[in-house]
Structures are given as structure tokens and as C-alpha cells.
Amino acid sequence: SRYNVAVVGATGAVGEAMLAILAERGFPVGELHLLASERSAGETVEWNGRAIVVRDLADFDPAGIDIALFSAGAGVSKKYAPKFAAAGAVVIDNSSAFRYDDDVPLVVAEVNPEQCANRPRGIIANPNCSTMQMLVALAPLHRAAGIERINVCTYQSVSGAGRSGMEELGRQTAAMLNFQPHEPAKFPVQIAFNLIPHIDEFLENGFTKEEMKMVWETRKILGDEAIGVNPTAVRVPVFFGHSEAVHIETKRRLGVDEARELLAAAPGVEVIDEREPGGYPTPVTHAAGTDAVYVGRLREDPSHPRGLDLWIVSDNIRKGAALNAVQLAEIVVNERA
Ligand code: A2P
């Protein structure tokens with residue numbers, strides 16, 4: 001059977017990838033409704049040979065929608081996702097609006113897919129991009145050896161800040177190379193030829209919300225409130241693909257060989273670890289435009305008897321957002337089949 005799908009935020013960076021991935025994976029789409037703000041209502045988008053007119057979310061009637069993929073920010077999700085769910089849709093929400101609610105499952109397709117079925121509000125939350133790729137790689141290590149603590153530094157691309165983030169990096173870079181003025185707008189300070197240790201708002205404990213998302217979401221997804229997560233999240237002048245330097249401490253010692261075997265067998269993971277020039281994943285050479293979570297630079301921590309270091313890279317727009325959302329939609333429709 002076919003399912004009527006609504007993509008909310010269809011004109012955004014993630015929405016556009018959702019559309020591409022629905023087509024690539026042959027998702028059984030019946031009607032497809034593209035929704036955005038009044039700013040882009042009336043635009044036409046090509047999808048699988050169909051020309052579809054973008055409509056204003058504010059005056060769309062959700063009756064008859066089976067699956068709604070939301071990626072238009074937390075404010076839009078808070079206001080509209082419950083209306084879509086009340087009309088009978090299963091909402092898969094890419095924003096942070098519901099991630100920490102006890103009655104909303106937070107699901108990485110390769111890690112805790114069974115949680116999708118437990119959705120009393122008709123809403124399933126899609127994790128934050130940085131948590132998503134980290135847990136695709138770490139969940140199998142956690143199951144095998146019990147992770148006690150995660151120290152992580154992220155190197156996050158500007159596409160995570162949406163289309164306007166990409167435009168700002170492009171414009172600023174061109175302006176600087178041409179000796180033109182370049183005022184920051186989307187990012188708090190210059191992003192071209194720079195990096196910024198600040199993503200999302202500052203919280204009372206001195207961490208940013210982007211960092212605390214990794215703490216809260218890791219515990220919820222792995223179902224283990226005892227896991228310690230100590231993150232620093234940094235925006236870097238890369239267009240697509242987040243990278244992470246991850247340092248874990250396990251209950252049982254996990255050597256490089258065992259870790260490599262576990263990762264090689266893990267769904268969604270590709271190990272690229274050759275210990276030679278170019279023998280490691282980077283956003284440009286591996287991640288951008290692809291689906292896998294790439295892991296390299298496996299090493300045993302010389303400062304800790306049960307410590308392991310890894311380098312994890314993935315396309316933040318695809319696995320970090322749109323791909324996982326479509327995978328969750330596949331899980332939902334397969335339950336019904
Ligand atoms: P629009 O193109 O009309 O502004 P990005 O994360 O790349 O910036 O994309 C954000 C997405 O969310 C866009 O599709 C944008 O639509 C959509 N959006 C933003 N605000 C609203 C809103 N108030 N109602 C509906 N869609 C919105």
C-alpha cells in the first residue's frame with residue numbers, strides 16, 4: 001500500500017534531502033504534500049517526475065496524512081506536530097521540541113528501532129545530528145563492553161545551521177578573498193577561515209545547548225542514565241559533514257582489534273582506518289552526500305587502561321537528519337504491513 005506523506009520545511013536543507021531520500025529509497029509515497037512558510041508558498045518543486053506546489057503550512061489541513069516529516073524548527077513543531085498527530089498522522093520530528101519528553105521516543109534507526117512502536121502521542125523524535133552519528137558507532141561498543149564515559153569534541157559543518165548557514169560561509173569566503181567587507185549575520189562571529197566554539201544557546205552550567213543535547217540524548221537513546229558525556233561542540237567552515245574526536249572509557253577493556261571487528265559488523269558503519277595519508281574519513285572525501293557513518297583513527301588511549309579513541313564522520317544532513325527520519329518512517333510503515 002501507499003502512504004500520504006507531508007514534508008514540513010520542504011524548502012530547507014533537511015527538507016530537500018528528505019525528498020531526495022524518499023525517492024532514492026523508493027518509499028511507498030501516495031500523495032506528497034510539501035509545506036513551508038508563506039515565504040515560499042507557491043514555488044514548484046520537481047519530485048520523481050511530479051511537479052508539486054509548495055503550500056503554506058499555516059493553512060494546510062492535515063486530514064488524510066499518514067506520515068509527516070517535520071524539519072522547520074522547534075517552534076513550528078511545537079505548534080503544528082500535535083495537530084498532525086491529532087488528525088491521525090505519525091509525526092517524525094527532526095527538531096528538539098519533543099526529544100526530552102518521556103512519552104516521545106527518540107530513535108536512531110540502527111540503535112533502538114523497537115522504540116518507534118511506543119509512541120502514545122503519535123510523535124517520534126529524530127535525534128540531534130551529532131548524537132546520531134556518534135551513537136551509530138558507539139552503540140555496538142557499548143553493548144559489548146559497557147561505555148562508562150564519553151569525551152567528545154565535534155567539528156560541525158555549517159549546513160547544520162540550515163540553508164542560511166551555508167550561504168553565509170559561501171558569501172563570507174568570497175568576500176574575504178576579494179578584500180570586501182563581511183559582516184557576520186547567521187553566526188555570531190566570522191565563520192570563513194575561522195571556527196566557533198558555540199552552537200545553539202548558552203545554558204546556566206556554561207555548556208551550550210548543542211553540547212547538552214549530546215548528554216541528554218545519549219542517555220535516553222542507550223537507556224542508560226549512568227553514562228557520562230563531556231562534549232565540546234565547535235562550528236567549522238565545512239559545508240557538509242560533521243566530524244567528531246571521540247574518547248571513550250569502557251567497563252571492560254576493549255582493544256583496537258575487537259573494536260574494529262565490532263564496528264565492521266555494525267549496521268550503518270563503515271570503517272576507514274588505514275594509518276596512511278588519506279586512509280581516514282573526512283567530510284569531503286567520504287561523508288558529504290553519502291549515507292554511512294565513517295569511523296577511523298582507532299587507537300588505544302595511552303592515558304587510560306580502558307580508553308579507546310575514534311574519529312567519526314558522517315553527513316549531518318543525511319544520516320544526521322533526513323536519512324534517519326526516512327528510516328523511521330520505513331520502520332513505521334513496516335509495522336503496519
Ligand atoms: P521557508 O523556505 O518558507 O522559509 P533551513 O533549516 O534550511 O533554514 O530550512 C527551514 C525550513 O523550515 C524551510 O523549509 C522553511 O520554509 C521552513 N519554515 C521556517 N519557518 C516556518 C514556518 N513558520 N512555517 C512553516 N515552515 C517554516
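Domain bounds in these legends come from an automatic or database domain assignment.

**View 1. The whole protein is divided into domain 1 (3-127 + 321-336) and domain 2 (130-316).** The structure is a predicted model, in which local features need pLDDT of at least 70, side-chain atom pairs count only at pLDDT 80 or more, and totals for chains, interfaces and linings use all residues. Residues are numbered from 1 along each chain as its sequence is written. The protein holds eight helices and 14 strands; helices (H or I, at least four residues) and strands (E, at least two) are DSSP runs, numbered from the N terminus. Its radius of gyration is 20 Å, close to the 20 Å that the globule rule gives for 337 residues, so the protein is as compact as a globular protein of that length. That radius is taken over C-alpha atoms, and the globule rule is 2.2 Å times the number of residues to the power 0.38. Along the principal axes, the C-alpha atoms fill a box of roughly 60 × 55 × 40 Å.

View 2. The contact takes 14 residues from domain 1 and 18 residues from domain 2; two residues are in contact if their C-beta atoms, placed from the backbone, lie within 7 Å. On the side of domain 1 that touches domain 2, helix 8 (residues 318-336) gives the largest share, three residues. The residues of that side divide into eight nonpolar, four polar and two charged. Here Ala, Val, Leu, Ile, Met, Phe, Trp, Tyr, Cys and Pro count as nonpolar, Asp, Glu, Lys and Arg as charged, and the others, Gly among them, as polar.

**View 3. The ligand is surrounded by 17 residues.** The closest are Gly 9, Gly 12, Ala 36, Ala 72 and Gly 162; a residue is near a molecule if its C-beta atom, placed from the backbone, lies within 6 Å of it. Helix 1 (13-24) and helix 4 (163-177) are the elements that give two or more residues to this shell. The shell comprises six nonpolar, nine polar and two charged residues. Domain 1 and domain 2 both give residues to the shell, so the ligand lies between them.

View 4. Ala 13 has its place in helix 1 and counts as buried, with 23 C-beta neighbours inside 10 Å. A residue is buried if 20 or more other C-beta atoms lie within 10 Å of its own, exposed if 12 or fewer, and partly exposed in between, with C-beta atoms placed from the backbone. Leaving aside residues up to four places away in sequence, Ala 13 touches Ser 159, Gly 162, Arg 163, Met 166 and Ile 317. Arg 39 lies in the loop between strand 2 (29-36) and strand 3 (44-47), and with 10 C-beta neighbours inside 10 Å it counts as exposed.

**View 5. Asp 301 lies in the loop between strand 13 (293-300) and strand 14 (307-314).** Asp 301 counts as partly exposed, having 14 C-beta neighbours inside 10 Å. It touches His 247, Gly 307, Leu 308 and Asp 309, not counting residues up to four places away in sequence. Asp 301 and Gly 255 are 46 residues apart in sequence, and their C-alpha atoms are 9.7 Å apart in space.
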